[in-house]
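Thanks for making time this morning. I would like to walk through the side-chain contacts of one structure, so please have the sequence and the model open while I talk.

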Amino acid sequence: VDVGGTDISGTYASIKGQSYKLKVGTYRATAVSLPDANDAKSLNGGYGAPYYAGSTEFEVKALEKTRNVEIQCKVANARVTLSLSEAFRNYYDESNTSVSICESETFASRELAMLPSETIKEAYYTAEDQVFIKLTTRKIGANSSVTYVFRSIESVAACTSYNVSLSVDST
């Protein structure tokens with residue numbers, strides 16, 4: 001809560017049950033699960049975790065003694081789930097296939113790779129991130145590999161779950 005230019009902040013445990021004297025006026029109370037949305041990306045070995053945020057505006061009136069303020073928080077980042085279909089796994093040589101998801105077309109930052117034995121992987125991205133997928137593979141019986149890079153999601157939206165499935169039409 002911003003009180004006349006002074007920020008009253010702390011962990012829930014440190015402010016729970018505390019009382020604050022506020023002057024008559026309008027205030028905004030904000031709650032977040034981590035100090036910054038980008039902090040959520042580094043959790044779980046870099047695959048990220050949900051990040052929750054919410055805020056509410058409230059008014060303090062003259063002679064008002066006690067007032068509780070409720071804040072509704074919601075998921076403020078997005079989950080991207082990447083899966084490989086059985087047809088995909090049967091078409092490509094699993095030992096020569098790598099699939100990665102990243103927020104940069106150059107795959108220079110936070111590249112998250114699926115292991116050959118994995119059929120599904122999920123990662124969390126902050127709102128407005130782009131999501132790219134890089135696939136390097138070799139068809140069963142082929143001599144050379146091929147690499148594809150494509151943008152799967154132009155701009156992720158908060159509180160959204162995206163499911164990206166890689167499959168093949170073997171006909």
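This is a predicted model: local features need pLDDT of at least 70, side-chain atom pairs count only at pLDDT 80 or more; totals for chains, interfaces and linings use all residues.

Let me start with Lys121, which is buried, with a relative accessible area of 14%, where buried means under 20% relative accessible area, exposed means over 50%, and partly exposed is in between, using a 1.4 Å probe and protein chains only. Its partner is Glu118, and the two side chains meet in a salt bridge at 2.7 Å, N to O; by salt bridge I mean a side-chain nitrogen of Lys or Arg within 4 Å of a carboxyl oxygen of Asp or Glu. Glu118 also counts as buried, at 18% relative accessibility.

Residues are numbered from 1 along each chain as its sequence is written, and side-chain values use heavy atoms, with hydrogens and water left out.

How many salt bridges does the structure hold? There are six, and one of them joins Lys41 to Glu103, with the closest N and O atoms 3.1 Å apart. Lys41 lies in the loop between β3 and β4, and Glu103 in the loop between β7 (98-102) and β8 (112-114), so this pair ties together parts that are 62 residues apart in sequence; strands here are DSSP runs of E with at least two residues, and helices are runs of H or I with at least four, numbered from the N terminus. Lys41 is itself buried, with a relative accessible area of 10%, and together with Glu103 and Asp129 it belongs to a network of salt bridges.

Another salt bridge is formed by Arg79 and Glu122, whose closest N and O atoms are 3.8 Å apart. This pair, too, links distant parts of the chain, since Arg79 sits in strand β6 (residues 77-84) and Glu122 in strand β9 (residues 120-126), 43 residues apart. Arg79 is partly exposed, with a relative accessible area of 30%, and Glu122 is partly exposed as well, at 35%.

Turning to the aromatic side chains, a search of the whole structure finds three aromatic pairs, a pair being rings of Phe, Tyr or Trp (its six-membered ring) with centres within 6.5 Å, called stacked if the planes are under 30 degrees apart, edge-to-face if over 60, and tilted for the rest. Tyr27 and Phe58 form a stacked pair, at 5.7 Å centre to centre with 25° between the planes. Tyr27 is in strand β3 (residues 25-32) and Phe58 in strand β4 (residues 52-60), 31 residues apart, and both of these residues are buried. The rings of Phe88 and Tyr92 have their centres 4.9 Å apart and their planes at 55°, so that pair is tilted.

Finally, what about the cysteines? The structure holds zero disulfides, a disulfide being a pair of cysteine sulfur atoms within 2.5 Å. Cys73 is in no disulfide, and the nearest cysteine sulfur, that of Cys159, is 12 Å away. Cys159 is likewise in no disulfide. Cys73 is partly exposed, with a relative accessible area of 39%, and Cys159 is partly exposed at 46%.
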